[in-house]
Amino acid sequence: MIEVGDKAPEFDLPANGGGRISAGALRGKRYALYFYPKADTSGCTVQAQGVQESLEALMKAGITVIGVSPDPVKKLDAFAKKFGLTFPLASDAEQSLAGAYGTWVEKSMYGRKYMGMERSTFLVGEDGTVKAIWRKVKPAEHAALLLGAA
């Protein structure tokens, strides 16, 4: 389980728009990885729209925001287009990054247990260490948490 002060895990994932996003490309920058369960669902849409509305202020504060879900890139492309999202969305289809951050967890709904993405956010500093962690984030409060850390 990642804790504040730990070195952020390395990653290189496909992203919407045909690109890739990697820890190496972000070296020396502050960035926030926010893990969300599924593109184009109500909670994830509220969360993404909040980030989009706060994006200019976050960028002025020097924070790059990356959304991470297990969705395939094609679904991320459609999600970004539908809601006008201009920040990168990374596809962690094999849950490798989610596993490294401890956000791929057992969940339960209506008595059925399954594995899924825990809605969590990690702020990584210029030095590559984790500076803040928010677990089980409420979608509507997410952007305010990031802005507060900025």
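Helices (H or I, at least four residues) and strands (E, at least two) are taken here as DSSP runs, numbered from the N terminus, and two strands pair if DSSP finds at least two bridges between them. The model is a predicted one, so local features need pLDDT of at least 70 and side-chain atom pairs count only at pLDDT 80 or more, while totals for chains, interfaces and linings use all residues. Residues are numbered from 1 along each chain as its sequence is written, and side-chain values use heavy atoms, with hydrogens and water left out.

On one flank, strand 3 (residues 30-35) and strand 8 run antiparallel and share 5 bridges, with Y34 bridged to T121. Strand 8 also pairs with strand 9 (residues 130-134), again in the antiparallel sense, over 4 bridges; here F122 sits opposite I133. The hairpin of strand 8 and strand 9 has 5 residues between the strands, and in it G128 takes a positive phi near 85°. As for burial (under 20% relative accessible area is buried, over 50% exposed, and partly exposed in between, using a 1.4 Å probe and protein chains only), 5 of the 5 residues of strand 8 (residues 120-124) are buried, so the strand is largely enclosed by the rest of the structure. S120, F122 and V124 point one way, T121 and L123 the other.

L76, F79 and A80 are buried; looking down the helix axis, the buried residues fall within an arc of 95° (from the directions of the C-beta atoms off the axis), so they line one face. Why would residues three or four places apart point the same way? The buried residues pack against helix 2 (42-60), strand 4 (63-69) and strand 5 (89-91), where contact means heavy atoms within 4.5 Å. After helix 3 comes G84, with a positive phi near 65°.

Next, the aromatic rings. Rings of Phe, Tyr and Trp (its six-membered ring) pair if their centres lie within 6.5 Å, and planes under 30 degrees apart count as stacked, over 60 as edge-to-face and the rest as tilted. By this rule there are 8 aromatic pairs. F11 and Y31 make an edge-to-face pair, 6.3 Å centre to centre with 65° between the planes. That pair links distant parts of the chain, 20 residues apart: F11 lies in the segment before strand 1 (12-14) and Y31 in strand 3. F11 counts as buried at 9% relative accessibility, and Y31 does too at 4%. Y101 and F122 form a tilted pair, at 4.5 Å and 55°. Y101 is in helix 4 (residues 96-101) and F122 in strand 8, 21 residues apart. Ring pairs also join Y34, Y36, F79, F83 and F87 into a cluster.

Finally, the cores: a nonpolar core is a set of buried Ala, Val, Leu, Ile, Met, Phe, Trp, Tyr and Cys residues joined through side-chain atoms within 4.5 Å. The largest has 22 residues, and among those with the most contacts inside it are Y34, V65 and F79. Helix 2 gives the most to this core, with 5 residues. V65 touches A32, Y34, V51, L58, F87, P88 and L146, leaving aside residues up to four places away in sequence. A second, separate core of 21 residues includes I2, L26, A90 and V124.
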